Amino acid sequence: MSQEEPMLPDDEDDKRLMALVAGGDDDALRLLVHRHHARLVGYLRGEVGSQATAEELAMEVFIRLHRAASRWRPEAKLSTYLIHIARNLVLNEWRRRGRKPTTALEFAAEPGDLSQGSARRVAELDEAFQRAILQLAPEQRTAILLVVQQELPYEEIAEIMDAPVSSVKTWIHRARARLRELLKDFYAQE
Amino acid sequence: MDNPEQTPFDQELAATLRRGRAVSVAGFAERVVVAAVAARRRRTVVRWSSALAAAAAVFVALLSLPATSEEALNRQTFALIARDESAQLADLFGAADDLSLLAPVAERPAVVETFVSPGS
């Protein structure tokens, strides 16, 4: 779990806050956004390869959540619902652009207390992996991001992607194989 | 979550992706709240505009419907008839509306002219 997340999302508390948001409570909305936005932006950045677009899409996700608050039924975890909306927006974004997001990458490693040499290597690795991930088929990219980056269980990914668990497993398997292939040269240099 | 393989590649993949797992953005929550409030205001304005437009349409209909009652329609019909020139002409001749009945009078044959004015 990242240290940027102030607290663990609590499903029951999310439901309570959503009820308040439906009643027009802006403080409840602020708290929900504060609780969930970091992972949502992280996921979206992995999907689109751009911090600005990721923030823009995350904003739209929360606007839609706010608009639908009175109709929201807590059948799934709020985090699942948010990623589900986010994924639909990503698909729309690709359709709008008419191609996959293989434009300039904006990934910057956050080396923390790593030495300069290690930091450079981390940055190179990050860029190589992220470039490779953006070359995956959309379903494979979403599945690998949700399972490896967001550490979600297969069942939850299947729910987000409106697909059977078997399809999710297949996409993840193919994504790993494709990434190995794309990064073959990078690893050969090691 | 299943984690079938932990090769160096998988470890690198996991480490790389998890570094970007959560990206906190300063002031993001406040931006969302401002945008959400603006969107809510827009929706309210649109809703009230629609309601006012509907109310105005009902009001206009209520005002105009009595004027088109049966009596008013009759008055309008008579007014139109009064403006009809063919009807006025028929009234002048004191004949029926069918002007074709007047045609023989308008174009009298020569024989008739002889009898009517023999000295001419």
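How many residue pairs are in polar contact between chain B and chain A? The count is 14, with both residues of each pair at pLDDT 80 or more. That pLDDT condition is there because this is a predicted model.

I will stay with the contact between the chains for a moment. On the side of chain B that touches chain A, the elements giving two or more residues are α1 (8-19) and α2 of chain B. The largest share, 11 residues, comes from α2(B). Sorted by class, that side of chain B has 16 nonpolar, 5 polar and 11 charged residues.

Now the charged pairs. There are 8 salt bridges between chain B and chain A. One of the residues to look at is Arg21(B), which forms a salt bridge with Glu151(A). The closest N and O atoms of Arg21(B) and Glu151(A) are 2.9 Å apart.

Next, the overall extent. In total, 32 residues of chain B are in contact with 47 residues of chain A. About 3800 Å² of area is buried between the two chains, and carbon and sulfur atoms give 61% of that. Within chain B, the residues that lose the most area to chain A are Phe9(B), Leu17(B) and Arg21(B), which together make up 21% of what that side buries.

Let me move to one helix of chain A. Helix α3 runs over residues 51-67, which is 17 residues. From first C-alpha to last, α3(A) reaches 24 Å, close to the 24 Å expected at 1.5 Å a residue.

Is α3(A) mostly covered or mostly open? It is mostly covered, with 12 of its 17 residues buried. Among them are Leu57(A), Met59(A), Val61(A), Phe62(A) and Ile63(A), and also Glu55(A) and His66(A). What covers these buried residues includes α1 (11-22), α2 (26-48) and α4 (78-97) of chain A, together with α2 (28-64) of chain B. The helix α2(B) is also the one that gives 11 residues to the side touching chain A.

Last, a single residue. Thr142(A) is in helix α6 of chain A, residues 138-149. Its relative accessible area is 2%, under the 20% cut-off, so Thr142(A) counts as buried. Apart from neighbours within four places in sequence, Thr142(A) is in contact with Tyr43(A), Glu47(A), Arg87(A) and Met161(A).

Notes:
Residues numbered from 1 in each chain as written. Chains lettered and ligands numbered in written order. Predicted model: local features only at pLDDT ≥ 70, side-chain atom pairs only at ≥ 80, totals over all residues. Heavy atoms only, no water. Helix = DSSP H or I, 4+ residues; strand = E, 2+ residues; numbered from the N terminus. Expected span 1.5 Å × (residues − 1). Buried < 20%, exposed > 50% of the residue type's maximum accessible area, 1.4 Å probe, protein only. Contact = heavy atoms within 4.5 Å. Buried area = accessible area lost by both parts, 1.4 Å probe. Salt bridge = Lys/Arg side-chain N within 4 Å of Asp/Glu carboxyl O. Polar contact = N/O pair within 3.5 Å; in protein donor to acceptor, adjacent residues only side chain to side chain. Nonpolar A, V, L, I, M, F, W, Y, C, P; charged D, E, K, R; others polar.
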